[in-house]
Amino acid sequence: NLDSFHTVLLIISAMLLNPEDGKEDNFILSKDGKYLIPIDNDHSFLPSTLRKKGNLWNAFTVNTALQTKTILFCLDEMNKIIPVDARRHLISINFDMLLTNWMADLDRVERKYHNLINDEQRNRFLKSGTVMRIPFYKQFIENIHWKAHKIQDLLKASPHVTPFNLLNHVEPFVAKCYQDSFEPGKILKYRFQAATSKFYIQEKTDGSRMSILNARTM
């Protein structure tokens, strides 16, 4: 019963922002069952994959691991043609202006935060881990810009694209990880755990899990 327009926009947002901890209990479902609402988004703006060099005996290999983790990529909507209204809306967005205004807003917020305390206090908080830095960097912004325009180009080129088609073009390794977990008839949580289970640890008696990448490490 999910609202198709809202759900597709959430999925596209995840493609652009690379959430690292979009597990099932970081969303709530609206009372009418139409809207998934993300409630915990601090683990975002990270590379979609981790690449680690091999060990001492196999130094020339590079192992790639999934870092973008969101239950949104496990929804049935990933395999459905993007609705006409969502497609038109996404094509109509001026992403150059949107990103420019967004970065300007972030700059203003950052300046306000910096004026709350002096440099000595700020450095002390940062060293103790009291303040979490958002890992923002130029290459990530460039990548958001490229992905946004690539998605628009694909939507303009064909009225029959699915979210998985888009993900395959902008994040092929991520797409493969989630497509491999897409067993027919399996529930949403099963698909998500099949794709991401080794990146979470069992933490509480209620069965909820925590990412192995905590905020300080990130």
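1. A residue is called buried under 20% relative accessible area, exposed over 50%, and partly exposed in between, using a 1.4 Å probe and protein chains only. By that rule, 37% of the 218 residues of the protein chain count as buried. Please keep in mind that this is a predicted model, where local features need pLDDT of at least 70, side-chain atom pairs count only at pLDDT 80 or more, and totals for chains, interfaces and linings use all residues. Residues are numbered from 1 along each chain as its sequence is written, and side-chain values use heavy atoms, with hydrogens and water left out.

2. Now the overall layout. The protein chain has eight helices and six strands, where helices (H or I, at least four residues) and strands (E, at least two) are DSSP runs numbered from the N terminus. Along the sequence they follow the pattern α-β-β-β-β-α-α-α-α-α-α-α-β-β. Taking contacts (heavy atoms within 4.5 Å) between residues at least 6 apart in sequence, 70% join residues at least 24 apart.

3. F45 deserves a look. It is found in the loop between β2 and β3, and F45 is buried, with a relative accessible area of 15%. Its phi is positive, about 60 degrees, although F45 is not a glycine. Most residues other than glycine have a negative phi. N18 is another case, with phi near 55 degrees; N18 lies in the loop between α1 (4-17) and β1 (27-29) and counts as buried at 3% relative accessibility.

4. The structure holds four aromatic pairs. Rings of Phe, Tyr and Trp (its six-membered ring) pair if their centres lie within 6.5 Å; planes under 30 degrees apart count as stacked, over 60 as edge-to-face and the rest as tilted. F45 and F140 form an edge-to-face pair, 5.9 Å centre to centre with 85 degrees between the planes. This pair links distant parts of the chain, since F140 is in helix α5 (residues 138-157), 95 residues from F45. F140 is buried at 3% relative accessible area, and F45, W102 and F140 form one aromatic cluster.

5. There are 11 salt bridges in the structure, each a side-chain nitrogen of Lys or Arg within 4 Å of a carboxyl oxygen of Asp or Glu. K189 and E24 meet in one of them (4.0 Å, N to O). K189 lies in helix α8 (residues 188-196) and E24 in the loop between α1 and β1, so the pair ties together parts that are 165 residues apart in sequence. K189 is partly exposed at 39%, and E24 is partly exposed at 22%.

6. K138 is exposed at 64%, whereas E142 is partly exposed at 42%. The other joins E171 and K147, with the closest N and O atoms 3.0 Å apart. E171 sits in the loop between α6 (163-170) and α7 (172-180), and K147 is in helix α5, 24 residues apart. Which side of the cut-off do they fall on, buried or exposed? E171 is buried at 10%, and K147 is buried at 1%.

7. Finally, two charges sit over rings, meaning NZ of Lys or CZ of Arg is within 6 Å of the ring centre and within 35 degrees of the ring normal. The charged end of K186 is 4.8 Å from the ring centre of Y190, and that of R191 is 4.2 Å from the ring centre of F182.
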